[in-house]
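Here is a friendly walk through one protein model, written for someone who likes to see which atoms meet which. Please keep the viewer open while you read.

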Amino acid sequence: MKCAMVTCVSIILPMLLGRTVKYVAAAAQPSGRGVVVLIYHRVGGESGSSVDLEPALFAEQLRWLHEHRRVVSIDVAVDALVAHEDVDDVVVITFDDGTADFADHVVPALMAQDTPATLYVATDFMDRGEPFPWGAPPISWAALRDAASTGLVTVGSHTHTHRLLDRCDEATVRSEIDRSIDRIGTELDAATRHFAYPKAVHGSSFAESVVRERFRSAALAGTRPNRPGRTDVHRLARSPIQRSDGMRYFAAKARGGMRLEDDLRRVANRVRYRGASS
Ligand SMILES: [Zn+2]
């Protein structure tokens, strides 16, 4: 009885808290206009993960964006931010990691809506064909080439082995970044200009200096719009999308809201990733 009660509390309480946080965060006003960068992870819905969306929900979100926002590539958005241009209603779609479902579900959906997106890949998993630690198989290099050939997909770096760059020595930082650039350059015959920090954990000052040297932009989390004239394009804020967002909280995030949810998640993640290396 006692055991069932503990299980109940440990499962239901976080769910209730998650919903309450979303409800309260949605009530707060968006913190100003600017480029909203969305982070997705997976589409397919089979894993049961909170960041693995059903294909129908993802397609509906793309349709909503098509009707209500201007979705542009990361290069167009960075150009506009650097030039201090009007970026109201601008959204950038990004995916982290490089899992196989990107080819199976995401690319067809992007093509159906003629919508650009960026995929940040951790290249070692693709080289070895081994699943990520959370069980998702990586996209193959051939499938990534096909995705890039649509003209809709920009391929960025997410390090080589998904290392958290705030806790690596300098040689490891250089190797993690340069190997990913080298592998993408070799396999896609194209330079990669954009980077996303694994788990949105900010790098050490050395890591950040290497990232600034090698890339045109770098992305973290933060759930707020990136405002022209006030944005460091090597510290882009992004808004993570979860399956529990549905359409209501998704629309709030795409409009630049829900920052409170992100603030609380980051506090929780700091504790969660304290001893982790990737
Ligand atoms: Zn990642």
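Predicted model: local features only at pLDDT ≥ 70, side-chain atom pairs only at ≥ 80, totals over all residues.

The zinc ion takes its protein donors from Asp97, His158 and His162, and a search of the whole structure turns up 19 salt bridges. Helix 6 and helix 7 pack at an angle of about 70 degrees.

**Zinc site**
- The donor atoms are OD of Asp97 and NE2 of both His158 and His162, and they lie 2.1 to 2.2 Å from the zinc ion.
- Along the sequence, the donor residues follow the spacing D-x60-H-x3-H.
- Asp97 and His162 link distant parts of the chain, being 65 residues apart. Asp97 belongs to strand 5 (residues 90-97), while His162 sits in the loop between strand 7 (153-157) and helix 7 (170-188).
- Both Asp97 and His162 are buried.

- Side chains of opposite charge can pair when their charged atoms come close.
- Arg33 and Asp88 form a salt bridge through their side chains, at 3.0 Å from N to O. Arg33 is in the loop between helix 1 (2-27) and strand 1 (36-40) and Asp88 is in the loop between helix 3 (74-82) and strand 5, so this pair ties together parts that are 55 residues apart in sequence.
- How exposed are the two partners, Arg33 and Asp88? Arg33 has a relative accessible area of 60% and is exposed, whereas Asp88, at 25%, counts as partly exposed.
- Arg69 and Asp89 make another salt bridge, with their closest N and O atoms 3.6 Å apart. Arg69 comes from the loop between helix 2 (55-68) and strand 4 (70-71) and Asp89 from the loop between helix 3 and strand 5, so the pair ties together parts 20 residues apart in sequence.
- Asp89 counts as partly exposed, at 36% relative accessibility.

- Glu208 and Arg212 meet through their side chains in a salt bridge of 2.8 Å, N to O.
- Both residues lie in helix 8 (residues 205-214), where Glu208 and Arg212 are four residues apart, about one turn of the helix.
- Glu208 is buried, with a relative accessible area of 9%, while Arg212 counts as partly exposed at 34%.

**Helix 6 against helix 7**
- The axes of helix 6 (residues 141-149) and helix 7 are 10 Å apart, and the packing angle is about 70 degrees. That angle makes helix 6 roughly perpendicular to helix 7.
- On the helix 6 side, the contact involves Trp141, Leu144, Arg145 and Ala148. They meet Arg183, Ile184, Glu187 and Leu188 of helix 7.
- Sorted by class, this contact has five nonpolar residues, three charged residues and no polar ones.

- Where is Thr99 found? Thr99 is in the loop between strand 5 and helix 4 (101-113).
- Thr99 has a relative accessible area of 1%, so it counts as buried.
- Beyond its neighbours within four places in sequence, Thr99 is in contact with His41, Arg42, Phe132, Ala136, Pro137, Pro138 and Ile139.
- Thr99 and Val43 are 56 residues apart along the chain, and their C-alpha atoms are separated by 9.4 Å.

Definitions and conventions
Residues numbered from 1 in each chain as written. Heavy atoms only, no water. Donors = N, O, S within 2.8 Å, 3.2 Å for Na, K, Ca; no water. Helix = DSSP H or I, 4+ residues; strand = E, 2+ residues; numbered from the N terminus. Buried < 20%, exposed > 50% of the residue type's maximum accessible area, 1.4 Å probe, protein only. Salt bridge = Lys/Arg side-chain N within 4 Å of Asp/Glu carboxyl O. Axes fitted to C-alpha atoms, helices over the stretch in contact; angles between N-to-C directions. Parallel < 35°, antiparallel > 145°, perpendicular 65-115°, else oblique. Contact = heavy atoms within 4.5 Å. Nonpolar A, V, L, I, M, F, W, Y, C, P; charged D, E, K, R; others polar.
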